[in-house]
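Some of the words used to describe a structure rest on a value and a cut-off. The questions below ask what stands behind such words.

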Amino acid sequence: MYPAPIEQYSRPSTLEELYSLLDSNEEDILVLAGGQSAMQAVKSRMLRPAHIIDLQALSELKFVTSEKDLLTVGAMTRYADIVSSDSIPLELMALKDAASRVGDRQVRNRGTIGGSLCWNYSAACTPATVLALDGAMNLISPDGSTRQVAADDFFLGPLETARNEFEILLSVDFKLRGSKSGSAYKKWGLVTDALPVIGIAACLHFDNADCCDYARITLTGLSGAQRCLEAEASLLSTSANAEEIAEAMMIVCSKVSTYTDSMATADYRYQLIKTIGLEVIEIAKKRAFSLG
Amino acid sequence: MSQRKNDDWMGTPLPRKEDRRLLTGKGKYVSDIVIPGALHAVFVRSEYAHAKILSIDTSEAEELAGIERIYTGDQIKHLIKSMPQPIVQPALPAHYPTFWPLAVDKVTFHGEPVALVVARDKYVAEDAAELVFVDYEELKPVLDPEEALKPESAIIHEKDGTNEIFSMTFTGGDTEASQAENAAEVEKIFQNAPIVVKDRFKTHRTGVTPMEPRAILCDWDDSDGLLAYITTQRPHIDRLALSDILDISAEKVQVIAPRDQGGGFGVKAPFYRENIIIAHAARDLKQPVRWVESRYESLMNVGQERDQINDMEIAADLEGNMLALRNFGLADNGVGTTGVYWGFVMPFLGAIELPNGYKWPKADIRLKVATTNKACLTPSRAFGHFPTRFAIERCIDMVAHKIGMEPSTFRRKNLVADLPYTSITNEYFDSGDFLKVWDTLMEKANLPDFRVQQKNALSEKKYIGIGFGCGVELSGVASELFVPMENQPGYGAATVRLDPRGKVQVFGGDAPGGQGHETTTAQVVASEFGISPEDVIITTGNTGSTPFGSGSVGARMGSYFISAVAEACRELKTKIAKFLAHDLQLEASVEHFEFKNGEVVYLGDDSQRSSFMSIVERIIMFPINMPEGETGGLDATTFFEAAKPMICFNADCCVVEVSLETGDFKILKWITAEDVGNVINPLIVNGQMHGAIVQGISNTVFEEFVYDEQGQQLTADFEHYKMANAADVPNIDLNYATTPCPHTPLGTRGIGEGRPSSVPGALTNAVCDALKPFGIEITTLPLRPDAIWQKIQDATQ
């Protein structure tokens, strides 16, 4: 587990320094955030970067700020910082649900939200959560041009995102929907805090009549973060009671295909979708009504 | 320092002497040993489970700067003797495969060493390993042990003409005729028995994963020979094996197992092929060579055990008397190319230990072991009998269910009540009180109360269950068993050396992997001499300075090694007393003196005394005016062999709650009762029990080595090989019901090795008890939520 030859290692401490490094257009650059997945890939030679640009010293990308109806999380914010942040409102609690159960304590102390989103592992917790919360990725190119990409367009498939090779993820924006919105995330793995065999995130909003008028449900563990559009639609204009949620999860099951491996059978994965889905959506609903 | 009475450190929960260094990162492992100019070795390993090697092209790799040498099987097969060699071959009849450290002609499992790259550093070595091109012709892999034994199966080791590496009948005497007669008698009991339960019990491939993987650092000197630092539980055996196989005269081989090793659990007990080629490379290149195994290599090659099918039948009467036991075991050996154990020695012992602590009037127990294209089974704590104990403890519950009796009552009724006892497979149980242990457990478990709670819970649709299991475990391995099983002596050996300052050095040939030998030994020596444990140090694992020991295996510490230490101390005390009596002009011998508080005191008149240090200094440094026939010096080496093989005994009770919706379960309680004999350090004994039970739970539920249908190992990292976290295991309520062992000088027993074996049965029994309303009986491990959920689906739909 020793990496292939690495020509250069850089550790910029300002964004300007970072942009000048990226501007050279050299090949085989690896931009390293927390390094909790990427370094394993480098050590096992799955990745063979010639140049590692380590973002750990970029303290300007470590922040959680909220302004009116917007919460912004810097890309280099660590899981542990998300868990302990006071700025994250109840309606975005899914973020804390996910961050508090990623890996182990060491991973949570080093791993970053930006790293996880850009790596987009097939069984990661963060991409599915950010997708359910309709996060928007703020990307910047070395020439200073910026663009915002919605989560729906950002995650293209396992280990693939819409980020260009030389773009840097600066932060993620989350729009706050105000009262009567709530979110939650939960996963099941064989051991505590394992990568999810099945993970589900949900974000709901209820109107004045306590009817669900906004729903996003996402799934992880099978083939990366994916939305459950038909299930979301089925919850709209309902009160999202247990029966209606169960029906929504039946729809999810009918739309995805599962598989058997050493962790769980294909049938059991469907069962997990049903039970975790019910639990997650009920928690999100409770939070929407500030009940838990 | 903790509380103690009269310098009796026995039973004191002394914090471990080794912990400060280990917990502050100051431990020194093989990887921390620096020899200037040491080269680094990396293995090129087989990507296939079974394939012919057509060619190996090392030319491109050899061109890299920094490469010293690349070895292949073809190059070394004329320079190094093949395995097996007698020193690492049991005295058991088997088809021992012939092999070299690097594959010759063909590869037989995914991960087998094919070539060795030696380079100036590990980076270059790995760069070069990628450039070694091996041309293979794939062969059909043999992966199922039942298929392996069919005549049409491909043969893995062609010279044997069979994939059956080992088979044995353990009951009915030594001749085929007597065994057949016994089998017929057993069959007759089964035909007439009112209750018969028969099922197939499967345990998956799982085992142990020490924190520190394997490592070896070899140095060569033309006049002094080979110096090898090895992560090993048995340095003295490694020394003899390296000497024999590499044709280096034995006095020119020194093996040092570093004082600090990150766990063994059995994985570091075999003699491995990697060690042979690294030592050869150091000799060949006349430079130090180091190999440190990666986690990936470790999970691919070692720590895999348990892989067995047991077709078991129990006959009983309606009153709950066990009448007969029949078991046909089949073990999936893997490839079998591992010295000392060859894979099948574990299932062999597993069959011997299968009857557990129960009185079986009759039994027919047989075993077949099949070679497959998987990594060779390696010893793992609960050596061989984790699978057979799962089968028997599970089957016993199924019989009790059929009789309509509480499984715990059924067990108690059939436990061996009077010891000593010789089991139906001729295993000798020397001492102890099984019923006292069992009753201690039952008192804590409070079964009547639990059954009420269970009933109430059920009315709220909650499914809770209780499960039991027990285990007779080896306390050391007597020569009587060890010589035939592994061609090694079972005695414990220790040197105790006093110095003129009144301090003590102890030397032991076994090599611990974190069990706390430094502390336990110091407590015993301090108790014997009436001094402080701080005044005692121990050297282990260096073949240049320690007496011969077969290794840190089979719970030999609390049984054999510590007994040798105590006897050596007593020999020295006799001499000290003789000198002191002489100097004080007393007619007295050792029983007239007390060693306490750093003094040696004459019991007849306590004004007649000496400080321990002065009398010791006098004997070592001032050897004049001595008792007649005496010489100076205080140094004793003792070899301890117990009169009989020894055991310890334990019992488990666990309570679980099962979710009908997901099949997930939570362990609510884990209660034990233990007979560990006299305790030297309760912290260490508790730690052994906690660790063993956690290992047992983790093996039962989470850990599983998986091969795909091509024989590719799919679980060689911790993302896929799941081990229990702290949050996955329950609090453990340990209880002790001890009987001192009459065959050791301190009344101690060796503990901890076999301890995980009663866990899979107890845990699975609890889950089945919770699901008894559905009549669910689980006979296959791992005990996973998906499998439990499927059983619930099948039972309710």
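Predicted model: local features only at pLDDT ≥ 70, side-chain atom pairs only at ≥ 80, totals over all residues.

Q: What makes chain A as compact as a globular protein of its length?
A: Chain A has eleven helices and 14 strands. Its radius of gyration is 19 Å, and the globule rule, 2.2 Å times the number of residues to the power 0.38, gives 19 Å for 292 residues. The two values are close, so chain A is as compact as a globular protein of that length. Along the principal axes, its C-alpha trace spans about 60 × 45 × 30 Å.

Q: Why is chain B called as compact as a globular protein of its length?
A: Chain B holds 21 helices and 29 strands. For 797 residues the globule rule gives 28 Å, and the radius of gyration of chain B is close to that at 28 Å, so the chain is as compact as a globular protein of that length. Its C-alpha atoms fill a box of roughly 90 × 75 × 55 Å along the principal axes.

Q: Into which domains is chain A divided?
A: The assignment gives domain 1 (8-54), domain 2 (61-175) and domain 3 (181-288). Between domain 1 and domain 3 of chain A, the C-alpha centres lie 36 Å apart.

Q: Which segments make up the domains of chain B?
A: Domain 1 is 19-27 + 491-640, domain 2 is 33-139 + 211-263 + 268-301, and domain 3 is 304-479 + 644-796. The centres of domain 1 and domain 3 of chain B, over C-alpha atoms, are separated by 39 Å. Their contact takes 17 residues from domain 1 and 18 residues from domain 3. On the domain 1 side, α16 and α17 of chain B are the elements that give two or more residues. The largest share of that side, eight residues, comes from α17(B). By class, the domain 1 side has seven nonpolar, eight polar and two charged residues.

Q: Why are α16(B) and α17(B) called roughly parallel?
A: Helix α16 (residues 517-529) and helix α17 (residues 557-584) of chain B pack at an angle of about 30 degrees, their axes 10 Å apart. Angles under 35 degrees count as roughly parallel. The two helices are therefore roughly parallel to each other. The crossing in which α16(B) passes α17(B) is right-handed. Residues in this contact include B:V524 and B:F529 of α16(B), and B:I562 and B:C569 of α17(B). The contact has eight nonpolar, three polar and three charged residues.

Q: How many residues does each chain give to the contact between chain B and chain A?
A: Chain B gives 23 residues and chain A gives 16 residues. On the chain B side, the elements that give two or more residues are α4 (122-130) and α21 (785-796). The most comes from α4(B), with four residues. The chain B side divides into eight nonpolar, six polar and nine charged residues.

Q: What makes the peptide bond from B:M83 to B:P84 cis?
A: Its omega is near 0 degrees. B:P84 sits in the loop between α3 (73-76) and β4 (106-107) of chain B. The bond from B:L419 to B:P420 is cis as well, with omega near 0 degrees. B:P420 is in the loop between α12 (407-414) and β18 (421-422) of chain B.

Q: What is the phi of B:D105?
A: Phi of B:D105 is near 70 degrees, a positive value in a residue other than glycine. B:D105 lies in the loop between α3 and β4 of chain B.

Terms used. Residues numbered from 1 in each chain as written. Chains lettered and ligands numbered in written order. Axes fitted to C-alpha atoms, helices over the stretch in contact; angles between N-to-C directions. Parallel < 35°, antiparallel > 145°, perpendicular 65-115°, else oblique. Left-handed = near helix turned anticlockwise from the far one by under 90°. Contact = placed C-beta atoms within 7 Å. Nonpolar A, V, L, I, M, F, W, Y, C, P; charged D, E, K, R; others polar. Domains from an automatic or database assignment.
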